Amino acid sequence: MNPILSFIIILIGIYGICTSKHIIKSIVCFNLIQTGTILLFLNLGYSEEGHIPIIGEQIEKIVDPIPQALMITTIVIGSTITALALILSIKIFHYYGSLYWKVVFDREG
Amino acid sequence: MVIIANLIQVLLIAISISIVFSKDNTRVVVFLASFSLLSACLYFLNKAPDVALAEVAIGSAIMPLFYILSISKQREFIVMSHVDDDYLKNEKNQKGKGYLLLENFTDYYKLKLYIFNDAEKAELKGIFRKSNVDLIIEKDESTNTYFLIGKQSSILMNKLAQLVENDDKTIVVKVKESETRD
């Protein structure tokens, strides 16, 4: 609910991408950034007295449904990007025999 | 309600810190699944039940499956054998010459060796594209020479060629992925 706390998750994810030594862990940190972004966007349309956006008697007072519709798209696209990155990591492993960034850069020469 | 939501967010931050500082990949995947489950609870408290539903299905079930599948594929060096004699024999006291060579090679790169015998002798054309094989072993019966066939793009093949430099009976062949020697 607090936008500052969800922004901290994004910062931790960026730190993880910058410092991780293993390719798989970089991809996991990318997922952390995605979750932080979703929390930040959902917070935009949130209001304390609003209801869940379903048609009924409470239609006069609902939270904003636009960010929610956008965030479902983000989740699905994030899963496909993760699958693509994992396939590329398998290819890298079969070429270089390792998945540590340093070893891969060393063997490339 | 606000107190519960803030508590869950602090818990999310704790899990993400432990993800960044953990060294074991399998443990990281389990952390990620629990992270997704907790964030789905948080989406529901944010009055977005549809997003929570998608996150439970995709984030905490399908994504860890992807990760586990790809991690399990990243420890093996797969060898396909077309040889029938005891070049690749692996028993307690007597190991074949080729098996010793490959064991030496995979120990150097800390991989797990996995050899399977292809009895049908499948056609070699385009086999590196179709299946996940790293190395193919063949034998020329007339000259008693063994051919180790691998991908040209793989850097590991250079080390293998270095290992068999002094051996006349073993030849390393590098092919492009689109064409296979015959």
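How many residues does the contact take from chain A, and how many from chain B? The legends below begin with that contact, in a model that is predicted.

**View 1. The contact between chain A and chain B.** The contact takes 42 residues from chain A and 41 residues from chain B. On the chain A side, α1 (3–19), α2 (23–44) and α3 (65–96) each supply at least two of the residues that touch chain B. The most comes from α3(A), which gives 15 residues to this side. Sorted by class, the side of chain A that touches chain B has 26 nonpolar residues, 14 polar residues and 2 charged residues.

**View 2. Chain B as a whole.** Chain B has 6 helices and 5 strands. Along the sequence, these elements of chain B follow the pattern α-α-α-β-α-β-α-β-β-α-β. The C-alpha atoms of chain B fill a box of roughly 80 × 35 × 30 Å along the principal axes. The radius of gyration of chain B is 24 Å, whereas a compact globule of 182 residues would have one near 16 Å. Of the 182 residues in chain B, 23% are buried. Among contacts in chain B between residues at least 6 apart in sequence, 57% join residues at least 24 apart.

**View 3. The sheet of chain B.** In chain B, 5 strands form an open sheet with mixed pairing, and their order is β2-β1-β3-β4-β5. The edge strands are β2 (112–117) and β5 (170–175) of chain B, each of which pairs on one side only. From one strand to the next, the twist averages 25°.

**View 4. Strands β1 and β2 of chain B.** Strand β1 (residues 76–81) of chain B pairs with β2(B) in the parallel sense, over 6 bridges. Within this part of the sheet, Phe77(B) stands opposite Leu113(B), a residue in β2(B). Strand β2(B) is also one of the edge strands of the sheet.

**View 5. Helix α4 on the strands of chain B.** Helix α4 (residues 97–109) of chain B lies across β1, β2, β3 (135–140) and β4 (145–151) of chain B. Relative to β2(B), helix α4(B) runs at about 145°.

Methods
Residues numbered from 1 in each chain as written. Chains lettered and ligands numbered in written order. Predicted model: local features only at pLDDT ≥ 70, side-chain atom pairs only at ≥ 80, totals over all residues. Contact = placed C-beta atoms within 7 Å. Helix = DSSP H or I, 4+ residues; strand = E, 2+ residues; numbered from the N terminus. Nonpolar A, V, L, I, M, F, W, Y, C, P; charged D, E, K, R; others polar. Pairing = 2+ DSSP bridges. Axes fitted to C-alpha atoms, helices over the stretch in contact; angles between N-to-C directions. Rg over C-alpha atoms; globule rule 2.2 N^0.38 Å. Buried ≥ 20, exposed ≤ 12 C-beta atoms within 10 Å, placed from the backbone.
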